[in-house]
Amino acid sequence: MTTVMEKARDVVAKVGELPPIPAVILESMKLLNDPSSTVKKIQEQILLDQALTAFILKVANSALYGLRKEVSTITYAINLMGYNTTRSILTAYLSKNLYSSKGNKLIQTMLWKHSISSAVFGKKIAEHIHKVNSEEAFIASLLHDIGKGVLLKNKTDEFERSVQMIYNDNLTSIDSERSILGFTHVELGFLLMNNWRFSENIIETVIYHHNFQEYSGENLLVPIVSLANKLSHLCDYSFDKYSGELIELKILNFSEDDLEEIKKKAIPEIDTFLEIF
Amino acid sequence: MTDTDTTNKQLSLAEFKDLQDYIYQKSGMFFPVSRKNYIEQKVIKRIATLKYESFKDYMNILRNELIRTEIINLFNEITVNETFFFRDLPQLEVLEKHIFPEAVASKKSTINILSAGCSSGEEAYTIAIILREKFPQLNFNITGIDISDMVVAKAIRAEYSDYAVRFVPKPYMKKYFSTVTNNVFKFLDQYKTNVRFQKYNLMEFDNIHPGTPFDVIFCRYVLIYFDKDSKQKVITSFYDKMAPNGYLILGNSESLFSVTSDFKMLHFPSAIIYNRRK
């Protein structure tokens, strides 16, 4: 962990200002984290951002909830989804925005596809093992590559060249980014998550999502995110090169059958997300 | 609601899977469960048009080919794609600034272009306009193919709404179109000579269409309907029918990652296109 932190300090100077977290998201998150907040209060905050309002209503009205009745207010949407899921949806909005900030449409789409698919896989894995909050797993998996969003925003051309290299020269994202920029999305993700004041548990998943084998702690979110990332690769929702065994299975006590079940549950949900956004 | 009331009817999951499977077998297009509502609407429309009573009857017609053209009508219904002239300008710019000048520089006499999944012809005619306007020294052949005979007929008729032509620059509008009615415009016959359209199922493209290799293949917003296996099959047939170092242009959100490495990705300021490796 220290090496990532040390490297990260050098990176700040090279990459420029990190994107701030929008005030509406920050305030809404604070309210959602406090069980004594009223739904009305949260609605007031969310309504300040029209695009966010539309995003939440779209999710609430999607096949994910399968409701016959139209959800037309934020209060109804929050009551329907609960505070935890609402937090997940806010995070999805946050990352979607960062991934759409600049650059080529195709690359934006690929980043989003990988991010949301990992999130759904992460959630399904957590639901399967019961020991971890599934929305926490959703959020961590959603954000594991967030450093790529910063690269897209601040170093658009370099990042797009690195994507081209992954495809043309059969490299991993880590190798192509390092060869072009001298640092990778992992250090940037760590920095951003720190800046945005995400929990230590989530920051760890960002740091170790490419090298779980080096992790020795007990935070179960780490193997969950690492596995979710790999499942997204295996199911073709990603553009990185991936190889290696699914070493997380042992720690999570998963069989091949468990894996198949998770895929079966996750894929329709992923497709619904991709359909609506 | 009675059985004969098809207007509000929903397909059961089993019925949907049945249909999903059938469409996939026949066309290679895979519609996930998340698109059930979409497919449902289209099928219910077909059932209502045919005045049949249930989905079961309808599947019977499809499977046993009781009405031989019904499968085509169904494809027409589900693949209707909204498209327009001069769509995705950054990609067209790559054509204009990179691909066509390269053809001119290499003293190519004729450039062969395929518009795969051509819909009602907007893309093919757009390319024809660009070539005529900017590269008069280059001869060209443009072939448009689509699975739906309805849109192919429409492409040949070449009549467009004001919506479809909204991005055509004014001088081109004046030169290339005649006004049929207030908001219907016809692409003029004299400019259609080297643009032709045919009905083809892309899945069967590899064994149907021999001939001069294509220098450029456009296949935009078509592969989104295909699963990985079918995508690979279609892309392989493109590769086989393409000139060495030919160009493949996909929709803005479609990529060849995990599909094939037979192509090289070329990254332009706001467009990504693919180049046949040899």
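User: Happy to start with the interface: how many residues of chain B are in contact with how many residues of chain A?

Analyst: Two residues are in contact if their C-beta atoms, placed from the backbone, lie within 7 Å. Here, 15 residues of chain B touch 17 residues of chain A. Strand S9 (residues 263-268) of chain B gives the largest share of chain B's side, three residues; helices (H or I, at least four residues) and strands (E, at least two) are DSSP runs, numbered from the N terminus. Chain B's side holds five nonpolar, seven polar and three charged residues. In that count, Ala, Val, Leu, Ile, Met, Phe, Trp, Tyr, Cys and Pro are nonpolar, Asp, Glu, Lys and Arg charged, and the others, Gly among them, polar.

A word on conventions: this is a predicted model, in which local features need pLDDT of at least 70 and side-chain atom pairs count only at pLDDT 80 or more, while totals for chains, interfaces and linings use all residues. Residues are numbered from 1 along each chain as its sequence is written, and chains are lettered from A and ligands numbered from 1 in the order in which they are written.

User: Which domains does the assignment give for chain A?

Analyst: Domain bounds come from an automatic or database domain assignment. For chain A it gives domain 1 (2-19 + 101-276) and domain 2 (21-91). Their centres, taken over C-alpha atoms, are 25 Å apart. Nine residues of domain 1 of chain A are in contact with 10 residues of domain 2 of chain A. On the domain 1 side, H7(A) supplies the largest share, five residues. That side divides into six nonpolar residues, one polar and two charged.

User: Is A:His130 buried or exposed?

Analyst: A residue is buried if 20 or more other C-beta atoms lie within 10 Å of its own, exposed if 12 or fewer, and partly exposed in between, with C-beta atoms placed from the backbone. A:His130 is exposed, because 7 other C-beta atoms lie within 10 Å.

User: And which loop holds B:Ser119?

Analyst: B:Ser119 is in the loop between strand S1 (110-116) and helix H6 (122-134) of chain B. B:Ser119 also has a positive phi, about 50°, although it is not a glycine. With 24 C-beta neighbours inside 10 Å, B:Ser119 counts as buried.
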